[in-house]
Amino acid sequence: MLATIFFTHVNVVKQIIDCIATRFGHPRALKRYLELNRLQSVGITLPQPSADMGMAVMQWMYWCEGGYKLQSYWPTSNKVLGWYVDDQGQYRGWQFELHMLRSLVRNTPPQPWSGDVRDIAGITTSKGPIEKYATLDEFAEHHCLDEIQEVSVDSMMKNWRHEGRFVRSDSSILVRQLAWDDRTFWLNSGGSHHFAAARYLAGRLGKELRIEGQLLRCELVPDSVIELTKCYAILGMPTESYDAIFPELENFGVPHFLAKSPDPLKGRAIFLPLSEVRALRVARLLIQHGVFDLGAQLLADLNRQLSFRS
């Protein structure tokens, strides 16, 4: 009985201290929640060595193509949902248009492209588990056994001619280069097994197989990246993790807004304005407790892009 009374009083005291801390702009309640629940970026999938472009590289370009809205039923794709404390002290939702996202990536017009099959580092789709393999050669060795069983020029050309698309100049063949990755990917719609097999055999035989098509190139816009990361702390977390801490964000009155995390992360991207002291303190606290710093990833990719140019 005495123990129950004691712990009840302790909890009441903690709540009073939390209220005082909140009043003075310190996220004490959120800090205690994070310490007790050990919120981590569980469920966040970081880019990894993969022959699947969607898994190998951060897909920043889709933030700029209207793909960053949280729900498809929102009225416009240019707006994201935010939360703020109004003049009456109520925590309210709002819609916000973030122009910096729209200008984050520059897409160059399609250009004629010609290269060797070994210049293609990955693809975008396959009936096989392409995302599990770091290279197309590894994929071929595990899922194209019949196609690569005979290591010969005839076998190579049989795979190469399978759909006919590579033996003629065909502008419908699209390849993509992401400047922050510096690799070339085929935007395929089928043909992954025969392509991987022909590419594998060409490597084994030391033969060249030429491809002609159209190049789509994307690059991060440095000014937009720098402006965005100066204005906001951007964190990535699974939807479940965000939902779990939302009551604490509301109680603390943290202004923020949401977007869909770019692939391959999944989940949500949380934008916290660095001009707001409470948002800044929450951002630092979440990063200290293992939440993924998406803004730091964006800056790292920009630095990689700039290093490829030098």
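This is a predicted model: local features need pLDDT of at least 70, side-chain atom pairs count only at pLDDT 80 or more; totals for chains, interfaces and linings use all residues.
The side chain of Asp86 joins that of Arg92 in a salt bridge, with a distance of 2.3 Å from N to O, and Arg92, at 41% relative accessibility, counts as partly exposed. This pair belongs to a set of ten salt bridges counted in the model.

Another of these pairs involves strand S8, which spans residues 210–220 and has eight of its eleven residues buried, so that the strand is largely enclosed by the rest of the structure. Strand S8 pairs with strand S3 (residues 105–107) in the antiparallel sense over three bridges, and within this pairing Arg106 has Glu219 as its bridge partner. The side chains of Glu219 and Arg106 also meet in a salt bridge, at 2.6 Å from N to O. Since Glu219 lies in strand S8 and Arg106 in strand S3, the pair ties together parts that are 113 residues apart in sequence. Glu219 counts as buried at 15% relative accessibility, whereas Arg106, with a relative accessible area of 39%, is partly exposed.

With strand S4 (residues 111–116), the pairing is antiparallel and extends over six bridges, Ser114 standing opposite Glu212 of S8. With strand S6 (residues 174–178), by contrast, S8 runs parallel, and five bridges join the two strands; here Val175 stands opposite Leu215 of S8.

A salt bridge is also found between the side chains of Glu208 and Arg210, at 3.4 Å from N to O. Of these two residues, Glu208 counts as exposed at 54% relative accessibility, while Arg210 counts as partly exposed at 39%. Elsewhere, salt bridges that share partners join Arg106, Glu219 and Arg309 into one network.

When neighbours within four places in sequence are left aside, Ser224 is in contact with Met100, Ser103 and Leu104. With Ser103, the side chain of Ser224 makes a polar contact to the side chain at 3.0 Å. The C-alpha atom of Ser224 is separated by 7.8 Å from that of Leu101, although these two residues are 123 residues apart along the chain.

How values were computed: Residues are numbered from 1 along each chain as its sequence is written. Side-chain values use heavy atoms; hydrogens and water are left out. Contact means heavy atoms within 4.5 Å. A polar contact is a pair of N or O atoms within 3.5 Å; within protein, one must be able to donate a hydrogen and the other to accept it, and residues adjacent in sequence count only if both atoms are side-chain atoms. Buried means under 20% relative accessible area, exposed over 50%, partly exposed in between (1.4 Å probe, protein chains only). Helices (H or I, at least four residues) and strands (E, at least two) are DSSP runs, numbered from the N terminus. Two strands pair if DSSP finds at least two bridges between them. A salt bridge is a side-chain nitrogen of Lys or Arg within 4 Å of a carboxyl oxygen of Asp or Glu.
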